[in-house]
Amino acid sequence: MFNPFPEVKVEAEQQACSGYDAIIDTIRHKITQSRTNVITIECYPTVNESELLEELIKPLNPSYIVQASDQFYSSQKVSEMIQMNLTDDRVFGLMSHHSFSDFVDVQKQKELKTSIQAKIQNNEWIVIYGVGASLLYETDLLIYADLARWEIQNRYRSGEFSNWKADNFGEDPLRMVKRGYFFEWRVADKLKKQLFTNIDYFLDTHQEHHPVMIDAGSYFQALEQVARQPFRLVPFFDPGVWGGNWMQENFQVGQDKINLAWSFDGVPEENSLYLKFGDVRMEIPANNVVMHQPLPLLGERVYGRFGAEFPIRFDFLDTMGGGNLSLQVHPLTDYVQDVFGAHYTQDESYYIVEAEEEAKIYLGVKNGTDKEEMMQQLRLAETGARRFPDEDYIYKRPIKKHDHYSIPAGTIHSAGANSVVLEISATPNRFTFKLWDWERVGLDGVPRPVHLEHGEPNIVFSRDQDWVEEELANRFEVLVTNETWKEERTGLHESEFIETRRHTFSGEVLHETHGSVNVLNLVEGDEAVVESVDGSFAPFVVHYGETFIIPETVKNYRIKPHGSSVGKELITIKAFVR
């Protein structure tokens, strides 16, 4: 049975503190043990600072409380300084290279330092809290209050939270995510990495009124453990205008939702990770493992190419009983670099997990398609003047279970209704240019954005029906076959940096990481077990539809049927960087 709450049992002896009372007791004990005048609580953007103030800081009874936000420029000035990054577009911006220190009001900080120094001389103690708090004064005790990006996006949608220095409560969530993605998350991650060696405690603030705290030594020990064994992230599910009901039925999740369009089960940049310290579960941004343990997780070659960034992304697209995805295209590499400041683009593939008889994929253009004629029809459709006649221009082919289609950037594509796709792609996930959305509005009742001005220069019109069939459709190559398993190379296209391998097996399969982090999904069979070749990690059981990660440092591992699947044929799909 699919497990929506996977945990990593941490081997550290230290117990985590659960709840404000226990956390307050721990901080007070720490203060009495050492000379402490300044406590700093650095916050990731969208942490509930009001809750921290009322339930943690005031009960500590400090002499002086400083909210970091007051020491930075005004919201208006910050927005003016980053306008080039935000642009006027609803979805797309330009990657920021700012630091939070760029926005500190130097005069205010100077006055603050004078005030704090006077209080320290009187043996008073101070708490500075909020985003950028660690930049304002040298601290004696540093606590980092953290939050995963998926939870941040949920808070944007609630209307109760704002972007940092924006005062934009209740704004269009797409614009709020844009500001987060192109500006504040980049800047916050930069600061977090700089602070790693100085942090004394990490604070999990995902659950309202119920934080969890652990000392930094135990926290980093847990990250080291994660980066040396198989693990899963905490999946999140989201409805959409084209969403279906297959995941609700097969994974028993999201029963309160109108549908489920997406499942993100392998995206460390956005997913969280559950660490189990004794009886206490701590939720952390999975991206912290990537930033703190890039070499053992990614491997030297991948780290050298991408830096501390996880380059592979797995997610499900469920249209079973739903509709078509938007007709879309991803940017070519030079375009995404020149226009948005991203390092690489979203090459991807669709692995078909389920498909009804009438299910289709839209991929490339029809033979002989005239570019100007097609773009004129798309422009007319954008204005609402008429429906886009996709049947005249877009190549559509039937699909079946366990097909695999490469989709290099620049290729028009869409998943059709009544299918379940495992999307295997490069990580950048903001650069989807919608060309046509089948005359729909979003679940919020607002027309979904279409970006023909970005889409047109990125469509490669030579990728027609003949080219798709030759280069992108079911390019299976058998590499190994024996009595109990078969290994096939299933893609991706030679222009893409990800390689995928499919293993069909009824017995034990020996895998290697190929010098790269591996991401896998069990796409056929009830359950399998991942075993260490050298006993360096405990057996790890995975179930149907679950995505799991194997750090590069594992090097070799075994996968075989487990439990009810013993004696049956199973299939995994594996991705790694070539």
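## The second largest cavity

F231, L233, P268, L273, A286, V289, V290 and L297 line the second largest cavity. A cavity here is a set of points, on a 1 Å grid over the protein atoms alone, where a 1.4 Å probe fits but cannot get out, and lining residues have an atom within 4 Å of a point. This lining splits into eight nonpolar, no polar and no charged residues. Ala, Val, Leu, Ile, Met, Phe, Trp, Tyr, Cys and Pro count as nonpolar, Asp, Glu, Lys and Arg as charged, and the others, Gly among them, as polar. The volume is about 30 Å³, meaning the space filled by probe spheres set on the points, with grid points joined across faces, edges and corners.

By the way, this is a predicted model: local features need pLDDT of at least 70, side-chain atom pairs count only at pLDDT 80 or more, and totals for chains, interfaces and linings use all residues. Numbering starts from 1 along each chain as its sequence is written, and side-chain values use heavy atoms, leaving out hydrogens and water.

## The largest cavity

The largest cavity comes in at about 40 Å³. Its lining includes Y44, R149, D189 and N287, and by class it has four nonpolar, one polar and four charged residues.

Three strands make an open, mixed sheet in the order 1-11-12 (strands are DSSP runs of E, at least two residues, numbered from the N terminus; two of them pair if DSSP finds at least two bridges between them). Strand 1 (7-9) and strand 12 (280-285) each have a single partner strand, so one side of each has no neighbour in the sheet.

Strand 11 (residues 272-277) runs antiparallel to strand 12, joined by six bridges. In one of them, S272 partners P285 of strand 12.

Technical notes:
1 Å grid on protein atoms, 1.4 Å probe; cavity = no way out; pocket = protein on both sides within 12 Å on 5 of 7 lines; lining within 4 Å. Helix = DSSP H or I, 4+ residues; strand = E, 2+ residues; numbered from the N terminus.
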